[in-house]
Amino acid sequence: MAETRSTCPYCGVGCGVVIETDAGQITGVRGDPDHPANFGRLCTKGSTLHLTAAAEVTHQARLLLPMRRAARGQAPQPVGWDAALDQAADAFARVIGEHGPDAVGFYLSGQLLTEDYYVFNKLAKGLVGTHNLDTNSRLCMSSAVAGYKKTLGADAPPACYDDLNHAQCLFIAGSNTAWAHPILFRRIEDAKRANPALKIVVADPRRTDTCEIADLHLALQPGSDVMLLHGMLHLMLREGWTQPGYIAAHTTGFEALAAAVRECTLERVARVCGIAPADLLLAARWFATSPATLSLYCMGLNQSSHGTDKNAALIGLHLATAQIGRPGAGPFSLTGQPNAMGGREVGGLANLLPGHRELADPAHRAEVAAFWGVPGLSAVPGKSAIEMFRAAAEGEIKALWIACTNPAQSMPDQATVRRALERAELVVVQEAFATTATCAFADLLLPATTWGEKEGTVTNSERRISRVRAAVAPAGQARHDWAIGVDFARRLARRLDRGEALFPYERPEEVWNEHRASTRGRDLDITGLSYALLDAAPRQWPLPEGAAEGRARLYEDGVFATPDGRARFAAAPWQPVAEPRDARFPFSLNTGRLRDQWHGMSRTGTLGRLFGHVPEPVLHMHPQDMTRAGLAEGELAEVASRHGSLRLPVAASTDLGPSQVFIPMHWGPEFVGGRRADGTAIAGVNALTTPAHCPVSKQPELKHAAVQVVRAALPWSLVAMAWVPGERALAVRGALRALVEDLPFFSCVPFGDGTAGVLLRAAGAAAPPDALLARIEALLGLEDAGTLRYIDARRGQRRAVRLVRHGDTAHVAGVLLSGDTRAEGWLRTLLQDQLPAQDFGRRLLSFQATAPAGVAARGKVVCNCFGVGERAIGEALAACGGSDEERLAQLQGTLRCGTHCGSCLPELKRMVRAAPAAQAA
Ligand SMILES: Nc1nc2c(c(=O)[nH]1)N[C@H]1C(S)=C(S)[C@@H](COP(=O)(O)OP(=O)(O)OC[C@H]3O[C@@H](n4cnc5c(=O)[nH]c(N)nc54)[C@H](O)[C@@H]3O)O[C@H]1N2
Ligand SMILES: Nc1nc2c(c(=O)[nH]1)N[C@H]1C(S)=C(S)[C@@H](COP(=O)(O)OP(=O)(O)OC[C@H]3O[C@@H](n4cnc5c(=O)[nH]c(N)nc54)[C@H](O)[C@@H]3O)O[C@H]1N2
Ligand code: SF4
Ligand SMILES: [Mo]
């Protein structure tokens, strides 16, 4: 038994973990009590990390060997590391020789460690001589970067987590903190408990779990934030709530902004944003007049065609009211990925250079060239993510290197992305998991180490650098990302006849030391740090040589990172979304996170347990809109935008406003798909999203696409589900997917806790050949003699139920319903909850829709840690009495729900509030 301290590889909160190992296997994980981000806590995702590192998952899902594809469409074959990297170096050298350095592109990720990032940035910008290096941070943080630089002068979040303990007002905009930054939300709950006077405002078109703690929810219209924030400033000016002294002493450009907000009258703002004037006034008052106001913001602001304006407008409110540079006050952009910050520090975007330097600045280019010892850096601007894939689709970029991100799932406008991946002469994918959509397009697949195996550093939302440590050896032949970069760079350098000496590193610490040197004298100076100091404790930057500690807060002296030391107001007016709704596309599609899933789900999607809360891909829609569209709960809808289409079952949700629909961003082609009539494959949620992006930050508008929603005319449907052995479950899912991918619709997900459940859904115009159904049955173990069957070929009905006997009782182990699937609900309950089924006999094969007595569904799993479902909570609540807080405590006492990781607390509180107290009833 051994323990290793590291960090969680999921969100930007950056929680510390203690990894438990036994005989070279990861056996457990718990929160690091000494880590200042989480003090021992973990959320649902962090606390299940060890399960995603189990041997069973590794064998079935990890990319374990380098592989190459001789031709597109063929299965990849194993190849040695030398041959793989030589092939890549040959191809890159040839393309660079024939077409110049800008004919290649690197697309990286905010989930790489700082050391990985640094190596690839140097490889592209220092060795190859191209700035075509961008990352998924373009989809995530680039508006925040642009907003900070435009106003405060540097890309540095000025606040820290401890500010939650000092704030008197929290303004949460476009952030579902409860789900996307759960441990930070636990700290918000603590702050509210310690200070009930703390005012919390949430600005989000949806009523999310984050709203549960809010004193005021501003359910604004999608994309109307700039109008909202300008309206608040208008009111602040009217009421005399701004701080003219601070504005005069520390800022420039206020007059232009004040003039711009003059027309943002209460009435106009209320109309554009769709919120009540009184609510707007209250939000403005709390923001401006609270002793300390902290704003937390995320993708609802950043992922917008005016993302930079949204960020700048919010920061402007802080400057106008002097809510900055004091404990509890400031504009705090929450980072999404664990090392989004580190990527920014090393200059890992097409427009940046190491140490927060600018590519566009000739002096900065000269500094970096001198630092690296290369003759000079290219002055040609690099292509941002959207531009890079477009250039590849048009044949301008011929070789793509993709590391630690899954663009065939996560990039908007999948039609273009797929054209790019198909057209590029060479696609290299450096991945930890073999199951991602992008792997299917790779000519070369390079296996990377991942969480539990890697060494290096990451920086979280509050500028805090933590050490990431390896607890176990690399799986299979996987190699570290930085080491793959270094090996490839050396091979390429030999072919280009330059720069081999640029990559002398043998250990990540050597890379980090070079990165540290690049920060000297910059705003993020970390020359006072070392691996040894970081081993002792995670530290915040800046921490220059000679300083004992990092800085918790920035701009406390009112001096900003601009040439004249003054912060700048921006005055851009509100503009509508890039592709407004119209008669043809009358709905606004919003996309975002689920509580228990991570992006493309290569890791979280291996565990049935993480599907308990939201079991299947669906389109969320307001019930009135469903009625109008003639859609009943669970029916299949055809969703189309100007960019593509998708089929999904609908689910009613009053958390959304009318004319708004929501699809979790996780539902990519790995879990849901099918084929259109023209034969093209449907590429998941991002088939629908738009490449329209902010002109300044180049961040795409992932939070809005105009769509239409109609009933899908696919009368044949199938549902098949079974328990299969855990060591085969992921492989079974892969095989099922391959079997049904030509049908017009399918989804395939896991369920259950422990032994692996597999749930397949499909639909089409007519039943597929019996042979296909027989193969599905075989994969799900439904072919043996103990399986009950009903087949009416003439009417297109086929049903199979497999029972497993244990003494006197029998359990349903697998079900397939093809044609009439009305009986799905209760059969699913029998199967998933392992209820006794021996008394049902041939009724198991009936079309009966209503559940027989005694077969009640557990409902969705609200508490993951203890597997507590909706029904149990409802029943327990019926017996609870007293105040909401007392009833919550009783509920926790009887069922234990919400007593471990706490991720379900907002939902439990909502359920408590919605249920009448026992004594009142
Ligand atoms: N569970 C989980 N947590 C994660 C991740 C994950 O995959 N799963 N990913 C991490 C990453 S990389 C990121 S970037 C963060 C993202 O964290 P968040 O940004 O908090 O998450 P999202 O759900 O993408 O979007 C936040 C909210 O923006 C709202 N929104 C949509 N349009 C608008 C608008 O026009 N204005 C406003 N004000 N709000 C709007 C949405 O309704 C949504 O509730 O989460 C991180 N944490
Ligand atoms: N519609 C819609 N689309 C979105 C968003 C949205 O809100 N709506 N959000 C956007 C945002 S904010 C983000 S951040 C992106 C995220 O999108 P992606 O970057 O595509 O998300 P992941 O699935 O986390 O991809 C990371 C990949 O790295 C692999 N991996 C894990 N560890 C390692 C490692 O150590 N090394 C290597 N080489 N590989 C590893 C994982 O298996 C995984 O496939 O999605 C964006 N796309
Ligand atoms: S909040 Fe959850 S996902 Fe984010 S770092 Fe902490 S444990 Fe990981
Ligand atoms: Mo992100």
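1. On a 1 Å grid over the protein atoms alone, a cavity is a set of points where a 1.4 Å probe fits but cannot get out, and its lining residues have an atom within 4 Å of a point; grid points are joined across faces, edges and corners, and a volume is the space filled by probe spheres set on the points. By this definition the structure holds nine cavities of 30 Å³ or more.

2. The model is predicted, so local features need pLDDT of at least 70 and side-chain atom pairs count only at pLDDT 80 or more, whereas totals for chains, interfaces and linings use all residues. Residues are numbered from 1 along each chain as its sequence is written, chains are lettered from A and ligands numbered from 1 in the order in which they are written, and side-chain values use heavy atoms, with hydrogens and water left out.

3. Two or more lining residues come from each of β1 (2-7), β20 (464-468) and α22 (531-536), where helices (H or I, at least four residues) and strands (E, at least two) are DSSP runs numbered from the N terminus. At least three come from each of domain 1 (2-61) and domain 2 (67-138 + 342-508), with domain bounds taken from an automatic or database domain assignment.

4. By class, this lining has four nonpolar, five polar and five charged residues; Ala, Val, Leu, Ile, Met, Phe, Trp, Tyr, Cys and Pro count as nonpolar, Asp, Glu, Lys and Arg as charged, and the others, Gly among them, as polar.

5. Ligand 1 is surrounded by 34 residues, of which D204, G223, D225, R593 and Q597 are the closest; a residue belongs to such a shell if one of its heavy atoms lies within 4 Å of the ligand. Its polar contacts (pairs of N or O atoms within 3.5 Å) include a polar side-chain atom of D204 at 2.6 Å from a ligand oxygen atom, a backbone N or O atom of N176 at 2.7 Å from an oxygen atom of the ligand, and a backbone N or O atom of Q597 at 2.6 Å from a ligand nitrogen atom. The protein buries 99% of the 910 Å² that ligand 1 exposes when taken alone, with accessible areas from the Shrake-Rupley method with a 1.4 Å probe.

6. The shell around ligand 1 draws at least three residues from each of domain 3 (142-333) and domain 4 (587-845), and its residues divide into twelve nonpolar, 14 polar and eight charged.

7. Around ligand 2 there are 32 residues, the closest being Q111, N136, S410, E431 and S602. An N or O atom in the side chain of S410 is 2.6 Å from an oxygen atom of ligand 2, while a polar side-chain atom of D481 lies 2.7 Å from a nitrogen atom of the ligand. The protein covers 97% of the 920 Å² of accessible area that ligand 2 has on its own. Ligand 2 lies between domain 2 (67-138 + 342-508) and domain 4 (587-845), because both give residues to its shell.

8. The shell of ligand 3 includes C8, C11, C15 and C43, and by class it has eight nonpolar, two polar and one charged residues.

9. Two backbone features deserve a check against the model. The peptide bond from W541 to P542 is cis, with omega near 0 degrees, and P542 sits in the loop between β21 (539-540) and β22 (567-568). A322, a residue other than glycine, has a positive phi near 60 degrees and is found in the loop between α14 (307-320) and β13 (330-333).

Notes: Polar contact = N/O pair within 3.5 Å; in protein donor to acceptor, adjacent residues only side chain to side chain. 1 Å grid on protein atoms, 1.4 Å probe; cavity = no way out; pocket = protein on both sides within 12 Å on 5 of 7 lines; lining within 4 Å.
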